[in-house]
Amino acid sequence: MKIVRTLVLLLLLGTVPVLWGCGGGGAQVQATSTTMGQELQDLKKSLDEGIITEKEYERAKKDILKKYD
């Protein structure tokens, strides 16, 4: 029983540094701002390239216009 406790303790102590290293990484997040015109242009380009359907385009266009209203 003492061996099992020792092994569990060693296992836990061995995983703590690994888990500690998963706490981020220092990535910087930069906020970008777009204009309504940019969003509409990107949306139209997606429609023209066949990435989205006409129905998706109209719905997204409506959402963009509502967001900037």
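Leucine 40 counts as partly exposed because its relative accessibility is 22%, where partly exposed covers the range between buried (under 20% relative accessible area) and exposed (over 50%), computed with a 1.4 Å probe on protein chains only. This is a predicted model, in which local features need pLDDT of at least 70 and side-chain atom pairs count only at pLDDT 80 or more, while totals for chains, interfaces and linings use all residues. Residues are numbered from 1 along each chain as its sequence is written, and side-chain values use heavy atoms, with hydrogens and water left out.

**Overall fold and surface**

- The protein chain has 3 helices and 0 strands, helices (H or I, at least four residues) and strands (E, at least two) being DSSP runs numbered from the N terminus.
- Along the sequence, the elements of the protein chain follow the pattern α-α-α.
- Of the 69 residues in the protein chain, 7% count as buried.
- The protein chain exposes about 6500 Å², of which carbon and sulfur atoms supply 61%, the accessible areas coming from the Shrake-Rupley method with a 1.4 Å probe and, for residues, only the protein chains shown counting as cover.

**Surroundings of leucine 40**

- Leucine 40 lies in helix α2, which spans residues 36–48.
- Not counting residues up to four places away in sequence, leucine 40 touches Lys61, Ile64 and Leu65, a contact meaning heavy atoms within 4.5 Å.
- Between leucine 40 and tyrosine 57 the C-alpha to C-alpha distance is 9.5 Å, and the two residues are 17 residues apart in sequence.

**Glutamate 39 and its partner**

- Glutamate 39 also lies in helix α2 and is buried, because its relative accessible area is 17%.
- Leaving aside neighbours within four places in sequence, glutamate 39 is in contact with Thr34, Ile64, Lys67 and Tyr68.
- Glutamate 39 forms a salt bridge with lysine 67, with 2.9 Å between the closest N and O atoms, the term requiring a side-chain nitrogen of Lys or Arg within 4 Å of a carboxyl oxygen of Asp or Glu.
- This pair links distant parts of the chain, since glutamate 39 belongs to helix α2 and lysine 67 to helix α3 (residues 54–67), 28 residues apart.

**Salt bridge within helix α2**

- A search of the whole structure finds 2 salt bridges, and one of them joins lysine 44 to aspartate 48, whose closest N and O atoms are 2.9 Å apart.
- Both lysine 44 and aspartate 48 lie in helix α2, 4 residues apart, about one turn of the helix.
- Lysine 44 is partly exposed at a relative accessible area of 37%, whereas aspartate 48 is exposed at 54%.
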